[in-house]
Amino acid sequence: MQKPVNENQQSMDCRGISLDVYNETVIMGILNVTPDSFSDGGRYVDLSAAVHHAKQMIADGAGIIDIGGESTRPGSAAVTLEEELRRVVPAVRALKEAGIDVPISVDTYKAEVAKQALDAGAHILNDIWGLKKDPAMAKLAAQYGCPIVIMHNRTEAVYKDFISDVIGDLQESVRLAHEAGIEDRQIILDPGIGFAKSHEQNLQLMNELHQIYALGYPVLLGTSRKRMIQNTLQLPPNDVVEGTAATVAVGIMQGCRIMRVHDVRAMKRVAVMTDAIIGHKLPTV
């Protein structure tokens, strides 16, 4: 186990943009340029609408904008490489041309989408398959020297020892990153709430996030409007802001440094308040 990161470490270099993920919680605003995402599908497929929403999220406190061109909700249809490129790359270009000055992340597991997005000006890669779906993804991230979010995922939710297996899967992804030449300072881990996990397992993982933090890398938490919250509260996805806020606060208290959310203004306020309570101190493990 590595020594966990702490507030004395340097900021993360996002291809020329400095991002401090060690001394305060960073809000990652979700920008889905998809017609079928579970809570905002179709709202930002138009480039002008996408740019406007990105600017509003930054004004509300987002420190990263995460562009997604393929819905990952349960039961969603796969998107072809050509279609994902058609959605994502123009959106990255549009944000760059609009003068967006925070890091742009691209939510994809396809290396060709990642490459063209990086060439268009993106700064961070966000791989929901933890470098295990497309063998070229790890080498690409190493070549470009960009931060990469490595998320936990499985094709089947079958575990012998749930938390230990999640940790082992993430360590395997980190091994793949190292073999490709990705430096530790560019790795971000995501426990993958809502992916290949039952309702009970998602809740258990939320209560054990400190174990993911203890692996020694910045942790991104993506719980916004997810089914775990909907099922707990028995509410639809657009009416779970309080539930999302609870997960954000719990995540920060356990060392998570990046919060991937839809409701940026509300979650920024939750993050600022939680950071104030803990004094920007990461937990001792």
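Modeller: Before we start, a definition: helices (H or I, at least four residues) are DSSP runs, numbered from the N terminus. Also, this is a predicted model.

Colleague: Which residues of α9 are buried?

Modeller: G243, T244, A245, T247, V248, G251 and I252. The buried residues of α9 pack against several elements, including α6, α8 (227-233), β10 (258-261) and α10 (264-278).

Colleague: Switching to the sheet: what is the order of its strands?

Modeller: The order is β8-β7-β6-β5-β4-β3-β10-β9, an open sheet of eight strands with parallel pairing. At the edges you'll find β8 (187-190) and β9 (220-221), each pairing on one side only. Helix α5, residues 162-180, packs on the sheet and touches β7 (148-151) and β8. The direction of α5 makes about 160° with that of β8.

Colleague: While we're on α5, how far does it reach?

Modeller: It has 19 residues and reaches 27 Å from its first C-alpha to its last, close to the 27 Å expected. Its buried residues include F162, I163, V166, L170 and A177. The buried residues of α5 pack against β7, β8, α6 (199-207) and α7 (209-213). Just after α5, G181 takes a positive phi of about 100°.

Colleague: Back to the sheet. Why is β4 described as largely enclosed?

Modeller: Because five of the five residues of β4 are buried, it is largely enclosed by the rest of the structure. I64, D66 and G68 point one way from the strand, while I65 and I67 point the other way.

Colleague: Which strands does β4 pair with?

Modeller: Five bridges pair it with β3 (residues 26-32) in the parallel sense. Four bridges join β4, residues 64-68, to β5, residues 104-107, and those two run parallel as well. Over in β5, I104 stands opposite I65, and V106 is the bridge partner of I67.

Colleague: I keep hearing about I65. What does it touch?

Modeller: Leaving out residues up to four places away in sequence, I65 touches G29, L31, A54, M57, I58, L95, V102, P103, I104 and S105. In the largest nonpolar core, which has 74 residues, I65, I67, L95, L125 and L189 touch the most other members. Apart from that core lies another, of 13 residues, with C14, L19, V149 and I188 among them.

Colleague: Last topic: D127. Buried or exposed?

Modeller: Buried: its relative accessible area is 0%, and the cut-off for buried is under 20%, so D127 qualifies. D127 sits in strand β6, residues 124-127.

Colleague: What does its side chain reach?

Modeller: The backbone nitrogen of L131, at 2.9 Å. Not counting residues up to four places away in sequence, D127 touches T108, Y109, M137, V149, I150 and M151.

Colleague: And how far is D127 from E179?

Modeller: Their C-alpha atoms are separated by 17 Å, and the two residues are 52 apart along the chain.

Definitions and conventions
Residues are numbered from 1 along each chain as its sequence is written. This is a predicted model: local features need pLDDT of at least 70, side-chain atom pairs count only at pLDDT 80 or more; totals for chains, interfaces and linings use all residues. Side-chain values use heavy atoms; hydrogens and water are left out. A nonpolar core is a set of buried Ala, Val, Leu, Ile, Met, Phe, Trp, Tyr and Cys residues joined through side-chain atoms within 4.5 Å. Buried means under 20% relative accessible area, exposed over 50%, partly exposed in between (1.4 Å probe, protein chains only). Contact means heavy atoms within 4.5 Å. Two strands pair if DSSP finds at least two bridges between them. Axes are lines fitted to C-alpha atoms, for helices over the stretch in contact, and angles run from 0 to 180 degrees between N-to-C directions. A polar contact is a pair of N or O atoms within 3.5 Å; within protein, one must be able to donate a hydrogen and the other to accept it, and residues adjacent in sequence count only if both atoms are side-chain atoms. The expected span of a helix is 1.5 Å times one less than its number of residues.
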